[in-house]
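The following note collects points for a colleague who is reviewing the model. Please read each point alongside the structure shown here.

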Amino acid sequence: MRDLSKVPVTIVTGFLGAGKTTLISHLIRNAGGRRLAVVVNEFGTLGVDGDILQSCAIPDCPAENIVELANGCICCTVADDFIPTVEKLLAMEPRPDHILIETSGLALPKPLLKAFDWPAIRSRITVDGVVALADAEAVAAGRFAPDLDAVEAQRAADPSLDHETPLSEVFEDQLACADIVLLTKADLAGPEGVAKARAIIAAEAPRPLPMVEAVDGIVSAEIVLGLEAAAEDDIAARPSHHDGADDHEHDDFDSISVMLGEVDSPETIAARIVTLAEQQDILRVKGYAAVAGKPMRLLVQAVGRRVRTSYDRPWGAGEARGTQLVVIAEHDRIDRPAIEAVLKG
């Protein structure tokens, strides 16, 4: 007889490059005996995060328990993608003990919470908690709201003015929906930066939120799983900039996939991405590169001018060697010819 209790779901949200995939990779390997399933939502046509996570599969989270929904926000395709995926996971034998959902870095979490009220699944799953990741170094640098006092002063002087940017709205909505905030890259921010990031987040959040520092995604599963927040039941307490809208769009952002041949070295592709960030104001670059003379595939992850590369696995037999990168930017910053020209060198 199947267990009729609700399966807990943890939504992992956070801005581009905050470390969501790194966190989930750690939780897969350190789940405290839980049998996990993972749903990954990509922004862009190249499924990078799902591939990374499937390489981390273990008996308690086998590869078939890791599902990727690519090139579309799951809260915008609930009936077509999200509900069937959840139903498939719930039908597995054995059924997962806990489901992790990694949202796109551009996603607004509140519409996804509303999806849990769909009749097909609302009696079978519950939102155990919403975990928001914030890059402590970036937040400390004021990238989402560079001067909160100045913005508030301008609003007070002229309430008709809108000083919000799309990026700040995404960040604030993620905080507003969260049950706990992980301050990632705490080592890069340093004590002073972490303290500053904490103050900024406390000022932005609509209610006090617990904040936990994390480096390389290492945090105890007992801290982020088992919160029992039932977040779908207190949606009204999680305000959004988009409350009252019939739906939400991602027209503020766009992505393109760029296909290249082999590159000379990791340093070469990293330098090109830095140039791209400087010249085109790109938010995020991620994907894989084929390095001449190297049997391993190079994983590429970049946020702005910060680029990280590492060899993740050998190229498969019969697998075409090549470089595939997803470039994400605000929609009016996407210039494909210019981007390709920089990346091709």
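How many of the ten residues of helix α1 (residues 20-29) are buried?

1. Eight of the ten residues of helix α1 are buried, and the helix is mostly covered. Buried means under 20% relative accessible area, exposed over 50% and partly exposed in between, with a 1.4 Å probe and protein chains only. The buried set comprises Lys-20, Thr-21, Leu-23, Ile-24, Ser-25, His-26, Leu-27 and Ile-28. Helices (H or I, at least four residues) and strands (E, at least two) are DSSP runs numbered from the N terminus.

2. The model is predicted: local features need pLDDT of at least 70, side-chain atom pairs count only at pLDDT 80 or more, and totals for chains, interfaces and linings use all residues. Residues are numbered from 1 along each chain as its sequence is written, and side-chain values use heavy atoms, with hydrogens and water left out.

3. Strand β4 pairs with two strands, a pair requiring at least two bridges found by DSSP. Strands β1 and β4 run parallel and are joined by four bridges; Ile-11 stands opposite Ile-101. Strands β2 and β4 also run parallel, with five bridges between them, and Val-38 has Leu-100 as its bridge partner.

4. In soluble globular proteins, nonpolar side chains tend to be buried together.

5. Leu-112 belongs to helix α4 (residues 109-115). Leu-112 counts as buried because its relative accessibility is 2%. Between Leu-112 and Glu-232 the sequence separation is 120 residues, while their C-alpha atoms are 9.5 Å apart in space.

6. The charged end of Arg-297 sits over the ring of Tyr-288, 3.5 Å from the ring centre. The criterion is NZ of Lys or CZ of Arg within 6 Å of the ring centre and within 35 degrees of the ring normal.
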